[in-house]
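Open the model in your viewer and keep the selection tool handy. The stops below say what to pick next and what is there.

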Amino acid sequence: PPASQNNEQGSTLRDLLTTTAGKLRLGSTDAGIAFAPVYSTGTASGKSGRTMPNILDDIIASVVENKIPPNRAPKINVKSEINDEPKDDKKCIQDDCSKRYSDIQYSWICDKHVLWLRDHKNSNNWKLFKECWKQGRPVLVSGMHKKMNFSLWKAESISLDFGNQQADILNCKDSIISNTNVKEFWDGFEDVSKRQKVKNGETALLKLKDWPSGEDFKAMMPARYEDLLKSLPLPEYCSPEGKLNLASHLPGFFVRPDLGPRLCSAYGVAATKDHDIGTTNLHIEVSDIVNILVYVGIAKGNGVLSKSGVLKKLEEEDLDDLLRKRLKDSSELPGALWHIYAGQDADKIREFLQKIAKEQGLEVLPEHDPIRDQSWYVNKKLRQRLFEEYGVKTCTVIQFLGDAIILPAGALHQV
């Protein structure tokens, strides 16, 4: 800006933050930092100086705790929320947590990439979760079904209450979507003989596509909506009213993504001949997500793998020792297989999938994005090639009944 202007006014966001930093004061409340007033500079009237606050002022004003006069001498004394917090977050995560969080039952899985919180009732879970979350790591919380009204989530209960509803049903193998009565989907959920057949006589792998979702979920299933909300893990972060849930504190004029909740229901691959397909292809969510496995149906009928057959299939995966141990626990019920990748590997994975598409003779258009289009389920053979050729390792997680998987925005995953 011109020299005649107050030299505290910044012309870039970086200048703005650095020149304002001296006027900030840490508050004692959960709200954290209180912001000094921000103004735009302009010379529309031919005179330099402060003008009416711009839109950034309006945004900041809605979350201001205290305003510090601009002429106050810069004085700042930032103390860590945890006085003995180490400088090296990774060292804390991997080495020191057993000392600092001895009251929390937890383990590390997937080569210490995923935090597993084993006691969903522990009110201090959020403290360790915070350490892990700021590094962008996925988190697993087990036992959530113990807080829920299990009868509400049975397939037969949902079919009985909402069987007459119409919804989009996706054939996961050929991506054909049809609008049909949901009773047809639920009738075949655990009885393979009642499932649709495709042209060659194979059983169709169907998915009820995000039904219901968002406000429809709350309006259509109020009892289930309330049951879900009271059972969310880490309510400080996951609850719509959570004090650490950013979305719950945004001003109303922000455009938000669809924050759900939504019900994702699908048949398992145990009754299909092709076990190299998934019910959710590789993709990225634009917001953080928490996915709770509220019900696992046991399919019966010709061609279905037995429970021991399903366990054998899962054991062929590249699993962490703790997950293998859970598989052998008769009290645990496995329901979904997840493959998760860090957000920073997205470009490598995108390049790899375009390479595979060319090898298979598929047309790769310039605007084609295999991740955005959700056009790939990366099977075991491709996962091995991805690691060998690009150094990208797959994080494999088995989701058991009652498990909540919490993923940061930007993490790639398939199910």
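Buried means under 20% relative accessible area, exposed means over 50%, and partly exposed lies in between (1.4 Å probe, protein chains only). The model is predicted: local features need pLDDT of at least 70, side-chain atom pairs count only at pLDDT 80 or more, and totals for chains, interfaces and linings use all residues. Residues are numbered from 1 along each chain as its sequence is written, and side-chain values use heavy atoms, with hydrogens and water left out.

**Stop 1**

Select C132. Its relative accessibility is 0%, so C132 counts as buried. Now select C264. At 45%, C264 counts as partly exposed. How many disulfides are there? The count is 0, where a disulfide is a pair of cysteine sulfur atoms within 2.5 Å.

**Stop 2: F150**

Go to the loop between β5 (139-141) and α5 (155-162); F150 is there. Helices (H or I, at least four residues) and strands (E, at least two) are DSSP runs, numbered from the N terminus. F150 is partly exposed, because its relative accessibility is 33%. Show its contacts, meaning heavy atoms within 4.5 Å. Leaving out residues up to four places away in sequence, F150 touches V294, Y295 and L401. F150 and Y295 are 145 residues apart in sequence, yet 8.0 Å apart in space, C-alpha to C-alpha.

**Stop 3: helix α13**

Select residues 380-390, helix α13. Colour L382, R383, L386 and Y390: these are buried. Look down the axis of α13: its buried residues fall within an arc of 105°, so they line one face of the helix. That arc is taken from the directions from the helix axis to the C-beta atoms. An α-helix has 3.6 residues a turn, so residues three or four places apart point the same way. Turn to the face away from the buried side of α13 for the exposed residues K381 and E388. What covers the buried residues of α13 includes β12 (334-341), α12 (346-359) and β15 (412-414).

Next, the ends. N379 caps the N-terminal end of α13, with a side-chain oxygen 3.2 Å from the backbone nitrogen of K381. Just after α13, G391 takes a positive phi of about 70°.

**Stop 4: H413**

Move to strand β15 and select H413. Is H413 buried or exposed? H413 is buried, with a relative accessible area of 3%. The side chain of H413 reaches the backbone oxygen of A411 at 3.3 Å. Not counting residues up to four places away in sequence, H413 touches N281, L282, H283, E285, I289, W338, H339, I340 and L407.

Definitions and conventions. Polar contact = N/O pair within 3.5 Å; in protein donor to acceptor, adjacent residues only side chain to side chain.
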